Amino acid sequence: MLVRMMELAGMSYSASHPPLGGVIQVIDDGPTGVQCVLRRWGTRLSVVFRGSDAPIDWAHNLRFCKKVIPYGNTASPIRVHGGFLDAYKAPQIRLAIRRAVTADIRQVDLTGHSYGAALALLCAVDLQYHFPTLDYTVALFGCPRVGNRAFRASYDRRVFKTVRVEYGNDIVTRLPFAWMGFRHVGARLHLGPPRLPFFPSLDDHRPQRYLAALLARLPG
């Protein structure tokens, strides 16, 4: 399952999207730069967000200011990364994904690598709020921290089938910094070389590293 989701996350960087037996809808929102691929197999829907591949994506990545959710509820203690939230909240993105969640959908799988993982995480908790009876599985690869402690507690309670995969000393998984109040969500799965405190690596962030490490764990 993780290998397949990593393959989908990696393929999202490509300009072409092989059908793989699923119905495809590609969402490419010009104003925000957010790109998402929807695939459907029967009653199962997969939502795959593309990681950073343009300057506008990095602009969202670096906006560390925190914003409140639920949206507009200033009494809420939950805060999330402002750049990621603004990108995901674009009406063209949220509405297209919600339309794909038709009455016969029972299972929703969400994934992404890097910035795409952050958007998949926000999408998962948003969908769970609006479609609470569905079964959600989330695989995050090289995911940055997205919210504060209150967000982590809320997310982990609502979308508990979440695996956050880290490879080696991937630098992106260390950002934004914990001293800024950000925390990771989900169950952590570490792959590759041991994680060392003072040796962050951009090379370890490459999706190819993640896929190779997952394939190496397969029997035979």
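**View 1. Helix 4 and helix 5 cross in a right-handed manner.** A crossing is called right-handed if the near helix is turned clockwise from the far one by less than a right angle, and left-handed if anticlockwise. The model is predicted, so local features need pLDDT of at least 70 and side-chain atom pairs count only at pLDDT 80 or more, while totals for chains, interfaces and linings use all residues. Residues are numbered from 1 along each chain as its sequence is written, and side-chain values use heavy atoms, with hydrogens and water left out. The axes of helix 4 (residues 91-100) and helix 5 (residues 115-130) come within 12 Å and cross at roughly 55 degrees, which makes helix 4 oblique to helix 5. Helices (H or I, at least four residues) and strands (E, at least two) are DSSP runs numbered from the N terminus; axes are lines fitted to C-alpha atoms, for helices over the stretch in contact, and angles run from 0 to 180 degrees between N-to-C directions. Angles under 35 degrees count as roughly parallel, over 145 as roughly antiparallel, 65 to 115 as roughly perpendicular and the rest as oblique.

**View 2. Residues of helix 4 meet residues of helix 5.** On the helix 4 side stand R94, I97 and R98, and these meet C123, D126, L127 and H130 in helix 5, where contact means heavy atoms within 4.5 Å. By class, this contact of helix 4 with helix 5 has three nonpolar, one polar and three charged residues.

**View 3. The buried residues of helix 4 are I93, R94, A96, I97 and A100.** Seen down the axis of helix 4, these buried residues fall within an arc of 165 degrees, so they line one face of the helix; the arc is that of the directions from the helix axis to the C-beta atoms. Buried means under 20% relative accessible area, exposed over 50% and partly exposed in between, with a 1.4 Å probe and protein chains only. The face turned away from the buried side of helix 4 carries the exposed residues P91 and R99. The packing partners of the buried residues of helix 4 are strand 1 (23-28), strand 2 (35-41), strand 3 (44-49), helix 3 (82-88) and helix 5.

**View 4. Helix 1 (residues 2-11) packs with helix 7 (residues 207-216).** Their axes lie 10 Å apart at an angle of about 160 degrees, which makes helix 1 roughly antiparallel to helix 7. The crossing of helix 1 and helix 7 is left-handed.

Conventions
Ala, Val, Leu, Ile, Met, Phe, Trp, Tyr, Cys and Pro count as nonpolar, Asp, Glu, Lys and Arg as charged, and the others, Gly among them, as polar.
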